[in-house]
Amino acid sequence: MEGKDYRKFAELLIAIAEIYPDGFLLFAIEQYWQNLRLYDYEIVKKSIFKIAEFKKDEAFISKDDIRAMIGV
């Protein structure tokens with residue numbers, strides 16, 4: 001991802017967090033960005049949506065879950 005993707009990445013995480021019972025801490029967006037910024041935004045987005053389909057009742061998606069879905 002590039003710097004221009006940060007805003008839509010943050011908006012994606014905030015939107016996905018709304019379906020989780022424990023929510024999502026906004027300060028974590030920067031942590032997720034730092035861990036996932038090497039990957040293409042569209043790939044990260046697709047991975048997040050795939051994981052969210054199966055983990056709606058669990059804790060928020062971990063960075064490791066996203067990396068695994070990307071195939072890293």
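Student: Among contacts in the protein between residues at least 6 apart in sequence, what percentage join residues at least 24 apart?

Tutor: The model is a predicted one, and along the sequence it follows the pattern α-α-α-α, with four helices and zero strands. Counting contacts between residues at least 6 apart in sequence, the share that joins residues at least 24 apart is 69%.

Student: How far apart are the end C-alpha atoms of helix 1?

Tutor: Helix 1 covers residues 6-17, which makes twelve residues. At 1.5 Å a residue they should span 16 Å, and the distance between the end C-alpha atoms agrees with this, being 16 Å.

Student: Which residues of helix 1 are buried, and how wide is the arc that they cover around the axis?

Tutor: The buried residues of helix 1 are Phe9, Ala10, Leu12, Leu13, Ile16 and Ala17. They lie on the same side of helix 1, because the arc that they cover around the axis is only 155 degrees. In general, an α-helix has 3.6 residues a turn, so residues three or four places apart point the same way. What covers the buried residues of helix 1 includes helix 2 and helix 3, while the arc asked for is 155 degrees.

Student: Within what arc do the buried residues of helix 2 fall?

Tutor: In helix 2 the buried residues are Ala28, Ile29, Tyr32, Trp33 and Leu36. Seen down the axis of helix 2, they line one face of the helix, because they fall within an arc of 145 degrees.

Student: Which elements give two or more residues to the largest nonpolar core?

Tutor: The largest nonpolar core has 18 residues, and those with the most contacts inside it include Met1, Phe9, Tyr32 and Ile48. The elements that give two or more residues to this core are helix 1, helix 2 and helix 3.

Student: Is Asp5 buried or exposed?

Tutor: Asp5 is placed in the segment before helix 1, and, leaving aside its neighbours within four places in sequence, Asp5 is in contact with Trp33 and Tyr41. Its relative accessible area is 6%, and since a residue under 20% is classed as buried, Asp5 counts as buried.

Student: What kind of aromatic pair do Tyr6 and Trp33 form?

Tutor: The structure holds two aromatic pairs. In the pair of Tyr6 and Trp33, the rings are 5.0 Å apart centre to centre, with 80 degrees between the planes. Planes over 60 degrees apart count as edge-to-face, so the pair of Tyr6 and Trp33 is edge-to-face.

Student: How many residues apart are Tyr6 and Trp33, and which residues are linked with them into a cluster by ring pairs?

Tutor: This pair links distant parts of the chain, since Tyr6 is in helix 1 and Trp33 is in helix 2, 27 residues apart. Tyr6 counts as partly exposed at 29% relative accessibility, whereas Trp33 is buried, with a relative accessible area of 5%. Ring pairs link Tyr6 and Trp33 into a cluster with Phe9.

Student: How far apart in space are Gly71 and Ser47, C-alpha to C-alpha?

Tutor: Gly71 is in the segment after helix 4, and at 62% relative accessibility Gly71 counts as exposed. Gly71 and Ser47 are 24 residues apart in sequence, and their distance in space, C-alpha to C-alpha, is 9.7 Å.

Note on methods: Residues numbered from 1 in each chain as written. Predicted model: local features only at pLDDT ≥ 70, side-chain atom pairs only at ≥ 80, totals over all residues. Heavy atoms only, no water. Expected span 1.5 Å × (residues − 1). Buried < 20%, exposed > 50% of the residue type's maximum accessible area, 1.4 Å probe, protein only. Arc of directions from axis to C-beta. Contact = heavy atoms within 4.5 Å. Core = buried A, V, L, I, M, F, W, Y, C linked by side-chain atoms within 4.5 Å. Phe/Tyr/Trp six-rings, centres within 6.5 Å; stacked < 30°, edge-to-face > 60°.
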